[in-house]
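Dear colleague,

I am handing over the structure we spoke about, with the sequence alongside. Please look through it first; my notes on what was found follow below.

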Amino acid sequence: MITDPAIQLIVNNLAAMRGTRIIFEGLNLDAEGGHALTVIGPNGAGKTTFLRCIAGFLPATEGTVRLEGGDEERSVGEQCHYIGHLNGIKPALTVLENLEFFANFLQGSRETTAQAAERLALAELADIQAGYLSAGQKRRLSIARLICARRPLWLLDEPAVSLDKASQTILAGMVAEHLASGGIVVAATHTQLGWSESKTIDFSDLAGREGAELQ
Amino acid sequence: MTAFLALIGRDLRLFRRQGGAISTALGFYLIIIATLPLGLGPDLNLLSRIAPGVLWVALLLSSLLSADRMFHDDYEDGSLEVIALGPLPLELVAFGKAIAHWLSVGIPLVLLAPLLALMLNMDGRAYGPLMLTLLAGTPALSFLAGIGAALTLGLRKGGLLLPLLILPLYVPILIFGVSAVDAVVTGPGNFSGAFSILCALSLASLVLAPLGTAAALRLNLP
């Protein structure tokens with residue numbers, strides 16, 4: 001599956017609530033294929049809520065999220081990878097079994113599994129149960145999912161947490177390749193990820209619960 | 001289809017590797033049946049009369065023990081997020097998870113039942129019907145448990161809530177399962193009538209329970 005270069009993420013007048021609290025409202029943005037979007041803001045500003053809303057975990061209170069030029073028959077959620085605070089790996093399975101599950105379940109292929117293991121330097125750990133890995137290695141295994149199955153939209157929530165310098169460089173390389181092939185990356189972060197960001201949304205303004213903005 | 005099989009395969013592997021759920025269920029089943037004659041006294045007639053009912057009730061409770069784990073681990077470690085973004089609709093995910101639970105907990109319990117029946121001096125004629133009814137009824141137990149497991153996902157102390165939610169749904173299965181066996185052993189009534197209803201209940205839960213489970217899972221995703 002090759003990503004359509006003409007892909008475009010369109011968020012229209014999006015609002016989300018948790019309980020009775022409005023996290024953000026009136027959020028408009030669009031991101032074209034090949035562009036990264038960095039979401040910044042203080043803790044509790046709604047960055048994670050925003051990403052989960054795009055992925056479809058949290059139903060939008062108002063507004064829509066569309067992936068123009070994507071697969072019409074699939075929801076945005078089915079066309080994205082979401083790397084959240086939780087790694088989504090099984091501690092009782094080995095590294096290789098985890099990767100194979102990602103590939104089989106998310107409809108990647110056997111080659112991509114090997115590719116992912118190699119890319120994230122997990123090949124040597126293949127037969128170790130994921131529960132024994134260090135925090136950074138677990139994170140790498142989680143990120144390997146991005147390569148195991150190809151999807152046009154990547155939603156990354158603090159992807160670099162507990163990654164060492166070398167792994168951060170690998171991640172930056174993966175992101176650059178993904179963008180070059182026409183994909184879209186939306187990342188929430190506090191740290192400088194060293195990607196060539198073309199757009200930034202600042203959620204600190206939204207913390208005031210006034211209308212949204214971005215540039 | 002690949003995704004569906006991958007999910008079931010992964011769950012079976014996890015059940016086997018972690019082992020806790022299966023051995024807890026089997027151990028609990030064994031303990032109930034082994035202690036029961038001690039409490040009731042050595043009245044063989046009484047034991048053999050109540051054997052089918054006791055075996056059914058104890059199996060229900062044993063399978064409930066592992067029910068809360070059906071989605072809990074996936075929820076805690078974030079796998080549920082990965083699964084929710086997969087190509088499978090959540091209804092099919094719920095279906096697959098329940099199948100995996102049945103294969104790894106339900107089937108071993110059914111296989112243990114005839115051994116335990118020996119300890120209760122169950123009537124020889126009852127073995128066949130008991131196995132048949134257990135085989136037909138246990139899928140429903142796993143599928144219905146899925147609803148409760150998904151509903152109680154976010155609750156920290158959901159331990160007691162799950163049986164309270166699920167046991168009322170188990171009651172018809174228990175009633176028709178036991179009455180089918182009793183029809184053969186003590187009569188009156190006929191086996192096929194009760195057994196058909198049991199099968200119908202089981203098939204209905206196969207279709208309907210995943211809808212409820214998926215709806216409950218969606219509530220727990222945000």
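Two residues are taken to be in contact if their C-beta atoms, placed from the backbone, lie within 7 Å. Please keep in mind throughout that this is a predicted model.

B:Val184 lies in helix α8 of chain B, which covers residues 161–185. Because 22 C-beta neighbours fall inside 10 Å, B:Val184 counts as buried. As for distance along this part of the chain, the C-alpha atoms of B:Val184 and B:Leu160 are separated by 35 Å, the two residues being 24 residues apart along the chain.

Turning to chain A, strand β3 (residues 36–40) is largely enclosed by the rest of the structure, because four of its five residues are buried. β3(A) pairs in the parallel sense with strand β7 (residues 184–188) of chain A over four bridges, and in β7(A) it is A:Ala188 that stands opposite A:Val39. β3(A) also runs parallel to strand β8 (residues 199–202) of chain A, to which four bridges join it, with A:Thr38 standing opposite A:Thr200 in β8(A).

Among the helices of chain A, α2 (residues 95–105) and α4 (residues 135–148) pack at an angle of about 35°, their axes being 9 Å apart, and the crossing of α2(A) and α4(A) is right-handed. On the α2(A) side the residues that meet α4(A) are A:Val95, A:Asn98, A:Leu99, A:Phe102 and A:Ala103, while α4(A) brings A:Leu141, A:Ala144, A:Arg145 and A:Cys148. By class, the residues of this contact between α2(A) and α4(A) are seven nonpolar, one polar and one charged.

With best regards

Terms used:
Residues are numbered from 1 along each chain as its sequence is written. Chains are lettered from A and ligands numbered from 1 in the order in which they are written. This is a predicted model: local features need pLDDT of at least 70, side-chain atom pairs count only at pLDDT 80 or more; totals for chains, interfaces and linings use all residues. Axes are lines fitted to C-alpha atoms, for helices over the stretch in contact, and angles run from 0 to 180 degrees between N-to-C directions. Helices (H or I, at least four residues) and strands (E, at least two) are DSSP runs, numbered from the N terminus. A crossing is left-handed if the near helix is turned anticlockwise from the far one by less than a right angle, and right-handed if clockwise. Ala, Val, Leu, Ile, Met, Phe, Trp, Tyr, Cys and Pro count as nonpolar, Asp, Glu, Lys and Arg as charged, and the others, Gly among them, as polar. A residue is buried if 20 or more other C-beta atoms lie within 10 Å of its own, exposed if 12 or fewer, and partly exposed in between; C-beta atoms are placed from the backbone. Two strands pair if DSSP finds at least two bridges between them.
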